[in-house]
Amino acid sequence: MGIVWTIADHRGGRLNPQTVELIAAAQELAERQGHRVWAVLAGTDLAPLAEALRTYRIEKVVLLNHPELAYLSAFPLLQALRFLAERTEPPAWILYPHTYRYYDIGARLGVAFRAETVSDVQRVVWEGSEPILIKPTFTSKFIARIRLTGPGPHVVGLQPGAVSADSVRVDGSPEVLHLTPEIRQAGRRRLLRTVEATRGKVDLAHAPIIVAVGRGIGSKENLALVQELADALGAALGASRPVVDAGWLPFEHQIGSSGQTVAPKLYIAVGISGAMQHVVGIRGSKVIVAINKDPEAPIFKIAHYGIIEDLFKVVPALTRKVREWREKGLLGA
């Protein structure tokens, strides 16, 4: 029996919603391999965040308090995690969020713990008690299936949506462990301040409904048609890579292996052909609806529902119907 660490990301006094996905993945590992789950929080003023984690079925919430951990930086965090491993028990698995904030930290974790490391994992499937990690490789031309063997530690970076948060167990009462790690040096780089990028109304990685548009829309001027459908559904607007490459939407809207991985309850693909680079980013969606006039479009192979018709006919009609349903109270607020 070993320990699965989940590195709980947080910013501005709030947990990253992906933390719940990491805990769900850790719980699955624990159940299948006989491990225990620890949630690890590093920073300052962590008590409110610890309370938010105490509802989940985990053994311990570990708080690593130190002024050098107030901002996310690789060197102090790695020293804190080594301190934890030396004072308690080395982990069998370390799960971290594969986000822009953790790109360098994930690789350094692997070196610090001399561990097998897999980043950018977009999906986890199971073969008995063994997790198979699915990730793109060779600039997304191939999809790799990776099995980690041996006692560990294994370091794994999960993309948002790689594991569904719906499966998390919430019947927990974990012990809270307070530690003040020894941090001898913060490294040559020091984070002075953070500047938040301008974001849309909805975070794509955690949006319950997404309407995504592809090159089939024809031009930037036609985006308004799809935006109206998204607004009617209360959905986030996503895009395939060609739309972003053409400059019709900014990169934050891009979905796929070179953009965001998403797992909404409903994903509507409008004028998207379904190239592999896009498909790997939406496989976690509960329901996929594809609208495309090409009956041979690859998107129909993974869609739960397909509409083979000109999107310029379907989308306005669907928007009208959604508004009608909403007026009748059939869709909720």
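Visitor: Where is T6 found?
Guide: T6 sits in strand β1, residues 3–7. Strands here are DSSP runs of E with at least two residues, helices are runs of H or I with at least four, and both are numbered from the N terminus. This is a predicted model, where local features need pLDDT of at least 70 and side-chain atom pairs count only at pLDDT 80 or more, while totals for chains, interfaces and linings use all residues. Residues are numbered from 1 along each chain as its sequence is written, and side-chain values use heavy atoms, leaving out hydrogens and water.

Visitor: Is T6 buried or exposed?
Guide: T6 is buried, because its relative accessible area is 1%. Buried means under 20%, exposed over 50%, and partly exposed in between, with a 1.4 Å probe and protein chains only.

Visitor: What is T6 in contact with?
Guide: Leaving aside neighbours within four places in sequence, T6 is in contact with L22, I23, A26, V37, W38, A39, V40 and L95. Contact means heavy atoms within 4.5 Å. T6 and P97 are 91 residues apart in sequence, but 8.8 Å apart in space, C-alpha to C-alpha.

Visitor: Now Q18. Where is its place?
Guide: Q18 belongs to helix α1, residues 18–33. Q18 counts as buried because its relative accessibility is 1%. Beyond its neighbours within four places in sequence, the contacts of Q18 include P97, H98 and H206. A polar atom of the Q18 side chain lies 3.5 Å from the backbone oxygen of Q159.

Visitor: Which residues touch the most other members in the largest nonpolar core?
Guide: That core has 34 residues, and L41, L53, L95, V156 and L158 touch the most other members. α1 gives the most to this core, with eight residues. A nonpolar core is a set of buried Ala, Val, Leu, Ile, Met, Phe, Trp, Tyr and Cys residues joined through side-chain atoms within 4.5 Å.

Visitor: And V156, what does it touch?
Guide: Not counting residues up to four places away in sequence, V156 touches W93, I94, L95, Y96, V118, V121, L133 and L148.

Visitor: Change of topic: which residues are buried in helix α5?
Guide: In α5, residues 223–233, the buried residues are L223, V226, L229, A230, A232 and L233. They pack against β13 (209–213), β14 (236–239), β15 and α8 (311–327).

Visitor: What is α5 followed by?
Guide: G234 follows α5, and its phi is positive, near 70°.

Visitor: Last one: where is F251?
Guide: F251 is in the loop between α6 (241–245) and β15 (266–270). F251 counts as partly exposed, because its relative accessibility is 41%.

Definitions and conventions: Polar contact = N/O pair within 3.5 Å; in protein donor to acceptor, adjacent residues only side chain to side chain.
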